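Colleague: Hi! Could you walk me through this one? I'm new to reading structures.

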Amino acid sequence: MPQRNNNQTKTEIPAITRPIRIPIEREAYEIIVTDAETFRQYVDIMLKLYPELFPPDMQAGYKLHGKRKPSKKMPELTLRRIQLTLPDAQGRAQVYTIAPSFVMPYLVGYTEDVEKALFLHRFGVPYWALTYVFGKDDMYWQRIVVSLGKNDLVGTTVKDPEQLPGDVLADEKHTRWNGEKAYLATTVASECILGISVAQAADEEHLTEAYAHFKEEARRLDPDYQPQTVNIDGWAATQLAWKTLFPTITIILCFLHAFLSIRSRGKHLKETFATIKQRIWDIYHAKHATSFMQQIADLQQWAQHHVTGSTLDAILKLCSKADRFVLAFDYPTAHRTSNMLDRALDPLDRALYAARYFHGHLMSAEYEMRAWALLYNFRPYCPRAKIRQTFRSPFHRLNGFVYHDNWLQNLLVATSLGGRYAAYTIR
C-alpha cells in the first residue's frame, strides 16, 4: 500500500473566503428569501445589531446580487448574494453569499441533523461511534469537524476587540502524530481556548511558529494587540517563543507547577510534607511582595534544616525562582497558576486518548484540534453547573451575548466570514 506524504513542517491556515452567517429560524428564512425587499430589510437589521458579522466595507452600502445556483446536496435551499458598493483593494467587486445559521458549511446538512453528534464529539466520542449512532460514515463526520477548524479561533470567539485578553496562559500538551512525539501549543484566556496548534518539536523555532497563530488572529482584531502577561510552566523554549512574538510581555511562572514538583517528591514524608504544603500555600496567599519574599526566605532556611534529598532540591528550586513568581504582584489580573488552562487540557487529554491520537496529514490534525477548541468554547455548560444560571457557554461568558439559543447555530453565526472580520465598535 502506498504511503501518505506527511512531510509537512508547518501548519499554515489558508486565507479563504467564508459566507456571511446570519441567525434566523428555518421557517422565517423560507419566507424572506423569496422576497428581495424583505430579505434586504432583515439583512439591514442584522448589520445594525451585529456589525462584526459583516465586512467593514458593507457600512458604505451594498445591493442584492441575485441567487446562487441551487446545490445538488440541498436543491430545496435558496441562497442570496450581495455586492458591496466599494471594490476591494485590487479594484474587484466584493460579492458575498448570505448563509442562514441552520445550515452547515458546504451544505452538508442541517444543524438539527448533526448537532447532537458534534456535541458528543467534544467529549471525545470517535467518528466510528458517531457513525454507529447517527448514521452516514466516518469521513462525513470528520469533514464536518475539519471544516469548522478552518475558521479563526480568536475572531470566532472574541467579538469585541476590547475583550482581547491582557493576561493569557500557555502550555504544550504532549501527544503523538503518526507514532512520533508532537506538542499542542495551547493558549487560553477568559475560560476559552484562543490558540491551539500542532508543533512537531518542543524547541523555540517550532513553538514560535505554533503560538504565532494566536498572535496573527488576535492582531486581525486589533493590529496593536499586546498581552501584558503570560503564565507558563517554566519551559525555556516556551518563554523564548512568547518573548519572540511579544517582546514586551511579562512571563509569570506557574506557582502550581512548582508545588506539584515538590509534592511528587515529598508526599511520602507525611507530617513533614503537611508542614511543607502549608508553608508553600501560605506564601502563595501573601498579601504583598515584601511578605512573599520574606516567607520564601523563611521556607528556604527551614527546609535546609528539616528536609533532605530530592524534596529539598525541589523546594530550593522554588525559592530560587522567587524573583519570577513575585512579578505577579505588579499585575493584579495576571494568572498565577495554570488552573484555567488545565481545565481545558483535561478534557482534551481524554479526547486525544479516545481517538488514539493523530494518524494522517498534519493539517488534518491541525484542523481537528482547532475545531475541538471551538466546540469547547461554544458547548453549553452542564445544566447542573452553577454558572449555567448566568451564562450558557464560555462564549456567552466572554462576550455577554449569544447570536442564537442553539449552541451550534450560535457557533456557525460566530464563524461568519471565517471569524476574520470585526467591526471596531463597542456593543
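**A chat about the model**

Modeller: Happy to! Helix H4, residues 127-134, gives the most to the nonpolar patch, with 4 residues. Keep in mind that this is a predicted model.

Colleague: Which residues make the nonpolar surface patch?

Modeller: Leu120, Trp128, Tyr132, Val133 and Phe134 make it, and the patch covers about 590 Å².

Colleague: Is Tyr132 buried or exposed?

Modeller: Tyr132, which is found in helix H4, is exposed, with a relative accessible area of 71%.

Colleague: Okay, new topic. How many salt bridges does a search of the whole structure find?

Modeller: The search finds 10. Side chains of opposite charge can pair when their charged atoms come close. One of the bridges joins the side chains of Arg26 and Glu112, at 3.7 Å from N to O. Arg26 lies in helix H1 and Glu112 in helix H3, so this pair ties together parts that are 86 residues apart in sequence.

Colleague: And how exposed is Glu112?

Modeller: Glu112 counts as exposed, at 56% relative accessibility, while Arg26 is partly exposed at 25%.

Colleague: What separates Arg40 and Asp44 in helix H2?

Modeller: About one helical turn, because they are 4 residues apart in that helix. They form a salt bridge too, with the closest N and O atoms 3.9 Å apart.

Colleague: What about Arg220 and Asp152, how do their side chains meet?

Modeller: In a salt bridge, at 2.9 Å from N to O. This pair links distant parts of the chain, with Arg220 in helix H7 and Asp152 in the loop between helix H5 and helix H6, 68 residues apart. Asp152 is buried, with a relative accessible area of 0%, whereas Arg220 is partly exposed at 33%.

Colleague: Let's switch to helix H10. Which of its residues are buried?

Modeller: Phe273, Ile276, Ile280, Ile283 and Tyr284 are buried there. Seen down the axis of H10, they fall within an arc of 105°, so they line one face of the helix.

Colleague: What covers the buried residues of H10?

Modeller: The cover includes helix H9, helix H11 and helix H12.

Colleague: Last one: how far does helix H14 reach from its first C-alpha to its last?

Modeller: H14 has 16 residues and reaches 23 Å, close to the 22 Å expected at 1.5 Å a residue. Its buried residues include Met340, Leu341 and Ala344, and among the elements covering the buried residues are strand E5 and helix H15. After H14 comes Arg356, whose phi is positive, near 55°.

Conventions: Residues numbered from 1 in each chain as written. Predicted model: local features only at pLDDT ≥ 70, side-chain atom pairs only at ≥ 80, totals over all residues. Heavy atoms only, no water. Patch = residues over 30% accessible without salt bridge, like charges linked within 9 Å, V, L, I, M, F, W, Y side chains within 5 Å. Areas by Shrake-Rupley, 256 points an atom, 1.4 Å probe, with all protein chains shown as cover. Salt bridge = Lys/Arg side-chain N within 4 Å of Asp/Glu carboxyl O. Helix = DSSP H or I, 4+ residues; strand = E, 2+ residues; numbered from the N terminus. Buried < 20%, exposed > 50% of the residue type's maximum accessible area, 1.4 Å probe, protein only. Expected span 1.5 Å × (residues − 1). Contact = heavy atoms within 4.5 Å. Arc of directions from axis to C-beta.
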